[in-house]
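Visitor: Please put the sequence and the structure on view, and then let us go through them by question and answer.

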Amino acid sequence: MNILITGIHGFVGSNLVMALKEHHTLYGLDIVAPEKGGVVRTFLWRELEVLCNVQFDAIIHLAGKAHDTQNQSAAQIYFDINTGLTQKIFDFFLESTAKKFIFFSSVKAAADSVVGDMLREDVIPAPVGPYGESKIAAENYILDKLKIKNEKLKLHDDGKQVYILRPCMIHGPGNKGNLNLLYNVVKKGIPWPLGDFENKRSFTSIDNLCYVVEGLLTKSVASGIYHMGDDEALSTNELIALMCEAMGKEPHIWKMNKKMMESCAGLGTLLHLPLNTERLRKLTENYVVSNEKIKAALGIERMPVRAADGIMKTIRSFSN
């Protein structure tokens with residue numbers, strides 16, 4: 001297949017190139033255009049019109065502004081990039097020869113916190129903050145455009161398939177996200193005081209993600225919204241234990257009394273300290289994402305990589 005990947009020089013884009021280059025012809029679309037092994041050519045966004053001369057079979061839209069956990073980015077930047085670029089490339093897709101479009105949204109477009117046992121695709125989206133809001137705006141643009149197009153076609157099938165993929169936190173070698181921050185804390189031997197909180201969180205191994213994208217490209221899968229995560233959810237305590245195992249260290253997990261820690265966090269909110277009620281909630285809440293729909297669509301029972309194995313692979317890369 002001839003595949004166009006936006007944001008091809010990012011973490012996910014670079015891994016997709018490695019996974020797809022042997023069996024597909026790849027082109028990039030990005031804000032920079034250095035040569036990249038396995039990629040015929042990377043175009044700049046201002047050269048989008050030139051791409052009309054290339055016949056694509058599929059477009060994977062990765063380009064976007066990542067979630068700023070420090071909340072220092074202006075809200076409009078998220079909408080300019082996450083919503084604006086999606087509008088631009090999806091309009092291009094509708095006019096192109098490409099039959100498949102994969103948009104990388106986020107579980108944060110669906111919910112900032114999970115109500116119930118796990119997050120499924122039928123949830124009514126309630127994003128909090130500009131990152132999630134800009135992603136759901138992009139999703140809605142795609143869905144609205146498809147509705148208009150289908151009405152114009154009067155149910156004539158033009159063969160185009162559109163996938164909105166909502167991954168939870170993606171990790172793998174080369175990724176410098178929140179896992180890396182926690183790793184650096186554990187590496188210094190700083191005890192984890194929140195061991196009394198037994199939360200569960202879903203993660204997405206980059207290897208599982210690449211496997212799913214390959215499946216969407218090569219199999220006949222119905223258009224729709226699909227959540228993406230590993231099969232098993234892990235607690236923060238389990239994460240720390242895995243990190244210590246990878247480093248050959250004993251984990252220092254303190255089970256400080258929950259009520260006491262909540263009181264400390266409440267005081268931290270009043271005094272504007274690093275540990276406040278909101279940060280404590282983020283560190284200890286459950287955020288489990290169901291991957292049953294995407295597995296059923298691909299006809300598989302399990303993801304190829306276990307959550308713990310994927311985490312270990314990522315952690316070991318931090319010391320390289």
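Visitor: At roughly what angle do the axes of helix α4 and helix α10 cross?

Guide: This is a predicted model, in which local features need pLDDT of at least 70, side-chain atom pairs count only at pLDDT 80 or more, and totals for chains, interfaces and linings use all residues. Residues are numbered from 1 along each chain as its sequence is written, and side-chain values use heavy atoms, with hydrogens and water left out. Helices (DSSP runs of H or I, at least four residues) and strands (runs of E, at least two) are numbered from the N terminus, while axes are lines fitted to C-alpha atoms, for helices over the stretch in contact, with angles from 0 to 180 degrees between N-to-C directions. The axes of α4 (residues 178-187) and α10 (residues 307-318) come within 11 Å, and their crossing angle is roughly 65°.

Visitor: By class, how many nonpolar, polar and charged residues does the contact of α4 with α10 have?

Guide: Contact means heavy atoms within 4.5 Å, and here Leu 179, Asn 180 and Tyr 183 of α4 meet Ile 311, Thr 314, Ile 315 and Phe 318 of α10. Ala, Val, Leu, Ile, Met, Phe, Trp, Tyr, Cys and Pro count as nonpolar, Asp, Glu, Lys and Arg as charged, and the others, Gly among them, as polar. The classes of this contact are therefore 5 nonpolar, 2 polar and no charged residues.

Visitor: Which word describes how α1 lies to α5?

Guide: Helix α1 (residues 11-20) and helix α5 (residues 206-218) pack with their axes 10 Å apart and at an angle of about 60°. Angles under 35 degrees count as roughly parallel, over 145 as roughly antiparallel, 65 to 115 as roughly perpendicular and the rest as oblique. The position of α1 to α5 is therefore oblique.

Visitor: Is Ile 8 buried or exposed?

Guide: Ile 8 has its place in the loop between β1 and α1. Not counting residues up to four places away in sequence, Ile 8 touches several residues, including Val 17, Tyr 27, Asp 30 and Thr 42. Because its relative accessibility is 0%, Ile 8 counts as buried.

Visitor: What is the relative accessible area of Asn 237?

Guide: Asn 237 is found in helix α6 (residues 236-247). Leaving aside neighbours within four places in sequence, Asn 237 is in contact with residues that include Trp 192, Phe 197 and Ile 253. Asn 237 is buried, and its relative accessible area is 8%.

Visitor: Near what value is the phi of His 272?

Guide: His 272 lies in the loop between α7 (258-271) and α8 (277-284), and with a relative accessible area of 74% His 272 is exposed. Most residues other than glycine have a negative phi. His 272, a residue other than glycine, has a positive phi, near 60°.

Technical notes:
Buried means under 20% relative accessible area, exposed over 50%, partly exposed in between (1.4 Å probe, protein chains only).
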